[in-house]
Amino acid sequence: MRQRTQTLLDNINKHKTLILIYIFLCAVCFFSLFPLFITVLNSFKPQAQIMKSVIAFPRTLAFDNYKEALEEMDFFRVFFNTAFITCLSVMGIVICASMAGYKLSRNKSKLSFFLYLVFVSSMLIPFHSIMISLVNMAKLLKIHNSVWGLPFVYVGIGVNFPIFLYHGFVKSIPVELEDAAKIDGCNEHQTFFKIIFPLLKPINITVAILQIIWIWNDFLLPLLMLTNSKHYTLILSTVMFRGKYYVEWSKILAAVVITCIPVIIIYMLFQRHIVKGITTGAVKG
Amino acid sequence: MIRNMKKHTIPLLVFVSPALIAFILIMLIPMCITFFYSLTDWNGLNPEYNIVGFQNFIEAVADDYGFRNSIFFTFKYAVVMVVLQNTIALLLALLVNRIKKGKTLLRTALFMPNMISFVIGAFIWSFIFLQVLPTIAKSVYALRFLDQSWLGDSTLAFWSIVIVSLWTGIGYTMIIYLAALQNIPKEIIEQSKIDGANTFKRFIHITLPMIVPAITVCLFITMNGAFKQFDLVYALTNGGPGKSTRVLALDIYLEAFSSNYRYGYANAKAIILFFVVLFLTLVQLKVLKKREIQL
């Protein structure tokens, strides 16, 4: 017995730093996950119980909060709106940016270089600098307050960085492939969509992931563009909900959990792709 | 010449035009309009306005105490965020990289807050600041210092914003650092161990130079993110208490959309934000490029 304790102590001594690291990292994880945990915990309590104690477990699981939040946020409609806007925007960005990035990379003329420069330097423009005029512009183009118009705005704002990514990636694809396709009788568009586009898959995934995270969670642009509650996105609807119930935490927390669930599910399913997308996007940027 | 144009320029334009049209209508023209109106006294409604030159800019920089304050606040926020977020994220990445078991689990947990939108994060934390921390303070005597007016006091509100920003942001930068650390060839580390370098020396002379590109990227991302912060402040304090936590983007938003119809003036502020970001980015690129070549 004594010997066993001794070996255990030896082991602890040997791995002291490692154990300290684990303890520290667990503490950090606690800091990271505790807010989510406390939110879920309290979302099942009636308001009176929250005011009494936030740490206690709920006595009964009350789904009333959720029912009210779902109904008042018009969840299914806003969820559909958000999904629709995100899908259309991302498809638009992937197609427009890959076409532009590909041709700008292959064409060596001065015009091509100039256009590329314009796109890349526009990455320096903060959205907040153009937002005031953008609202007027959208009203002028009649795309204000519409779930069909918003994706167009996202394409306009979001296309520059992906063009930069595609431009870099296309360089690694041999030109011979296109020459061969041309000999086989493909025209420019067929060559791009049948030969090149499938080869862009890794960068397509990166671009799509970065844009989905951005657009799904975006708040300011929908706030500026969508004034009719019929068109609200998930985040916008939650903000309006919070504005209405200010400190009625039971309802707000239920709404918060509902809004988080789709994101967490997506994150759990595609974690590897997301992490890879972010690192490639960052390193290239 | 003409044949060359037909062969090259037209396909170029065909491929680029979908992106270009959206880009021109949504980014370029609004940017030009913003420049133009920043030189006027337009109120946003009246069809008539006067061109007043740089008067808006002079007023914003020289006379507008609130705006100067928000510039100062944004700089302070950006500096604190760049330093804290990168130091903590790099430290965490180094630690996570050292352990063998549970790496993925830790990464999942630490990155999770980043997936949640700033606005939702702010709601979660306002619950914690207003409800959870005071309750904990009441029930645990040793933690009674937690009972503070986290969002009601201007100094504490600043740190509350920093805490929530770190909560969402650290995971993101940590992932980038972690990827960079994992790309360091194992042989180099082994060799330095054989040569007798201790952990600290190894970090300074081997690890740090190897991850300079990642540091460049992360500094850039955190700095830019801090200067464009809007969502979190809007949802957490809405610039309050008073006007003490109005970041630049929020100040522009409130000037343009909710206060006194000084449309031209709001546009001048927007242009100032543009130049601030432009200036900082160029300085950063220059400094970091130099450093990279030296190493």
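Which residue forms a salt bridge with Glu248(A)? The partner is Lys251(A), and the closest N and O atoms of the two are 3.5 Å apart. A salt bridge here is a side-chain nitrogen of Lys or Arg within 4 Å of a carboxyl oxygen of Asp or Glu. Before we go on, please keep in mind that this is a predicted model, in which local features need pLDDT of at least 70 and side-chain atom pairs count only at pLDDT 80 or more, while totals for chains, interfaces and linings use all residues. Residues are numbered from 1 along each chain as its sequence is written, chains are lettered from A and ligands numbered from 1 in the order in which they are written, and side-chain values use heavy atoms, with hydrogens and water left out.

Let's stay with Lys251(A). Its side chain also meets that of Glu68(A) in a salt bridge, at 3.1 Å from N to O. Glu68(A) lies in helix α4 (residues 64–72) of chain A and Lys251(A) in helix α15 (residues 249–284) of chain A, so this pair ties together parts that are 183 residues apart in sequence. Helices are DSSP runs of H or I with at least four residues, numbered from the N terminus. Lys251(A) is buried, with a relative accessible area of 12%, whereas Glu68(A) is partly exposed at 32%. Buried means under 20% relative accessible area, exposed over 50%, and partly exposed in between, with a 1.4 Å probe and protein chains only.

Now turn to chain B. There, Lys269(B) and Glu255(B) form a salt bridge of 2.8 Å, N to O. Lys269(B) belongs to helix α12 (residues 263–294) of chain B and Glu255(B) to helix α11 (residues 248–257) of chain B, so the pair links parts 14 residues apart in sequence. Both partners are buried, Lys269(B) at 1% and Glu255(B) at 9%.

Finally, look at where the chains meet. Contact, meaning heavy atoms within 4.5 Å, takes in 88 residues from chain A and 83 residues from chain B. The area buried between them is about 7900 Å², of which carbon and sulfur atoms give 82%; buried area is the accessible area (1.4 Å probe) that two parts lose on being put together, summed over both. Leu124(A), His128(A) and Ile132(A) supply 8% of the area that chain A buries against chain B, more than any other three residues.

Terms used: Helices (H or I, at least four residues) and strands (E, at least two) are DSSP runs, numbered from the N terminus.
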